[in-house]
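Please keep the sequence and the coordinates at hand while reading.

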Amino acid sequence: MIELNENVAREMNKYLEGITIEEILILSRRVFHFKVMFTREQLQQDVEVLDLSVRAYHCLKRCGLSTLDKLVNGIYTKEDASSKRQLLRIRNLGRNTAEEILIKMFYYQFNVLPDSRKRDYMQQIVMDNLGAYMVN
């Protein structure tokens, strides 16, 4: 199960109405979707900006995923494979580490968005993950 940073979750919840990010993760049943909308400059940054654990950081570096661009393109290459499944192909990178990388990338994406775009981004998260629930 993905564990959220309390401060980041609180900030995200400010932009949601009637539901929390924690509830979205529970209702999405272990498959969580989010869009990556980094700028060119952000994509050139080292994966170090994600504030990963030493294990996660070294696994990515060892397999050549040293920048956000390489990471994004490395894990979003096949439509039939989830990004988590792609990460699990990396040697010595397990389920918990894969979840850490993805959630930290989600945090980073949220944090670098201008405040004026955060509400729309979080509403898109709701639709991408709970569209069927929201219709009922």
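This is a predicted model: local features need pLDDT of at least 70, side-chain atom pairs count only at pLDDT 80 or more; totals for chains, interfaces and linings use all residues.

Residues are numbered from 1 along each chain as its sequence is written, and side-chain values use heavy atoms, with hydrogens and water left out.

**Salt bridges**

Side chains of opposite charge can pair when their charged atoms come close. A salt bridge is taken here as a side-chain nitrogen of Lys or Arg within 4 Å of a carboxyl oxygen of Asp or Glu.

| Pair | N to O distance |
|---|---|
| Arg10 and Glu6 | 2.9 Å |
| Arg119 and Glu17 | 3.7 Å |
| Glu99 and Lys84 | 2.8 Å |

Helices are DSSP runs (H or I, at least four residues), numbered from the N terminus.

Arg10 counts as partly exposed because its relative accessibility is 45%, while Glu6, at 60%, counts as exposed.

The salt bridge between Arg119 and Glu17 links distant parts of the chain, since Arg119 lies in helix H8 (residues 115-135) and Glu17 in the loop between H1 and helix H2 (21-27), 102 residues apart. With a relative accessibility of 36%, Arg119 counts as partly exposed, whereas Glu17, with 63%, counts as exposed.

Glu99 and Lys84 also meet through their side chains in a salt bridge, and this pair links helix H7 (residues 95-112), which holds Glu99, to helix H6 (residues 83-88), which holds Lys84, the two being 15 residues apart. Glu99 and Lys84 are both buried. Through salt bridges that share partners, Lys84, Arg95 and Glu99 are joined into one network.

**A loop serine**

Where does Ser66 lie? Ser66 is found in the loop between helix H4 (54-62) and helix H5 (68-75), and Ser66 counts as buried because its relative accessibility is 17%. If neighbours within four places in sequence are set aside, Ser66 is in contact with Gln45, Asp46, Val47, Leu60 and Lys61, contact meaning heavy atoms within 4.5 Å.

Note on methods:
Buried means under 20% relative accessible area, exposed over 50%, partly exposed in between (1.4 Å probe, protein chains only).
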